[in-house]
Amino acid sequence: MIDIHSHILPYMDDGAKDWNMAISMAKQAYADGIRNIVATPHHRNGRYMNESFKVLEIVELLNSKLRELDLDITVFPGQEIRIHDDLLHHLEDGEIQLLHGSRYMLLELPSSNIPSTVEDVIYELSLMNIQVIIAHPERNAEIATNPDRLERLIEFGALAQLTAQSVTGEKGGKLQRLSLDLCKRSLIHFIATDAHDLVSRPFQLSRSYQVIEKKLGSEMVNYFKDNAKRLVGNLEITTNEAAKERVRGNNLAKVLSGMFRAIK
Ligand SMILES: [Fe+2]
């Protein structure tokens, strides 16, 4: 399995505290069946700054330690970038790291709302052939209240990643129901651990896939696993055509009902 969102790099953020913890987390990931990890330390979230050069340096060091231990896991560089002013500038000046040098960017929204600039950012990046992946949309209050808000971002070209623990119910039944609902609506493209430590936010991906298989079928599990593979290979992510049609249909229905209201 491939995990596309994690805080395994030590001394960077609220993830691994030191090298010992980072190695233990890698062992935990290995035991869960994970073989590739994208390291995504927080960047510009108001608390942590982890520029691209720093990420690359620590990823290289971690990989060499893992090789010394003969642990068959490879860590790739990335960042979890909080949406902020000047994001495009910071991309230009090399401060920002895309996921494993691909065309995919892991973008974090604030937990309370969706800033009005998000759609512009998604669009501007798409002109540069960069596709945004919204990190854990289920934890955004505006999306949780109204999942149509996520649908709108997906329509603008974004992709979305759920947290494994939200899917398994470890974060509560409400979050699990929302997560599965977002999957059913084909608004989700990846599942990832967002691992921060060994206990409260561990590397545990297999259990979330088991839950999805049980509740939504094995085809969806294969879809998520395949997308993670595609991401690290910098290939196009497959989106569900039927879902796209439904989004288009919903929007048309909204436009038409708006027109009828205006005529009345
Ligand atoms: Fe994260």
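Reader: At 26% relative accessibility, what does E142 count as?

Author: Buried means under 20% relative accessible area, exposed means over 50%, and partly exposed is in between, with a 1.4 Å probe and protein chains only as cover. E142 comes out as partly exposed, because its value is 26%. Bear in mind that this is a predicted model: local features need pLDDT of at least 70, side-chain atom pairs need pLDDT 80 or more, and totals for chains, interfaces and linings use all residues. Residues are numbered from 1 along each chain as its sequence is written, and side-chain values use heavy atoms, with hydrogens and water left out.

Reader: Which side chain does E142 meet in a salt bridge?

Author: First the general idea: side chains of opposite charge can pair when their charged atoms come close. The cut-off is a side-chain nitrogen of Lys or Arg within 4 Å of a carboxyl oxygen of Asp or Glu. Here E142 pairs with R149, at 3.0 Å from N to O. R149 has a relative accessible area of 22%, so it is partly exposed too.

Reader: How many salt bridges turn up in the whole structure?

Author: The search finds 11. One of them joins K54 and E51, whose closest N and O atoms are 3.8 Å apart. K54 is at 29% relative accessibility and so counts as partly exposed. Another joins D194 to R139, with 3.2 Å between the closest N and O atoms. That pair links distant parts of the chain, 55 residues apart: D194 sits in the loop between β9 and α9, and R139 in the loop between β7 and α5 (141-145). Those element names are DSSP runs, numbered from the N terminus: helices are H or I with at least four residues, strands are E with at least two.

Reader: Now the metal. Which residues coordinate the iron ion?

Author: To read a metal site, look for donors: N, O and S atoms within 2.8 Å of the metal (3.2 Å for Na, K and Ca), remembering that water is not among the atoms, so sites may look incomplete. Here the donors are H5 (NE2), H7 (NE2), E80 (OE) and D194 (OD), at 2.1 to 2.2 Å. Along the sequence the donor residues follow the spacing H-x1-H-x72-E-x113-D. E80 lies in strand β5 (residues 80-82) and D194 in the loop between β9 (190-192) and α9 (206-216), so this pair ties together parts 114 residues apart in sequence. Both E80 and D194 are buried.

Reader: Why is the arrangement around the iron ion irregular?

Author: Four donors are tetrahedral if all angles lie between 85 and 135 degrees; four are square planar and six octahedral if opposite donors are over 155 degrees apart and all others between 65 and 115; anything else is irregular. The four donor atoms here subtend angles of 82 to 170°, which makes the arrangement irregular.

Reader: E80 sits in a strand, so what is its bridge partner in β6?

Author: Strands of a sheet pair through backbone hydrogen bonds, either parallel or antiparallel. Two strands pair if DSSP finds at least two bridges between them. E80 has L106 as its partner in β6, and β5 and β6 pair in the parallel sense over three bridges. All five residues of strand β6 (residues 104-108) are buried, so the strand is largely enclosed by the rest of the structure. Y104, L106 and E108 point one way, while M105 and L107 point the other way.

Reader: In what order do the strands form the sheet?

Author: It is an open sheet of six strands, β3-β5-β6-β7-β8-β9, with parallel pairing. At the edges stand β3 (42-43) and β9, each with a single partner strand, so one side of each is left without a neighbour in the sheet. Within the sheet, β7 (residues 131-135) and β8 (residues 159-163) are joined by three bridges, and I133 has L159 as its partner in β8.
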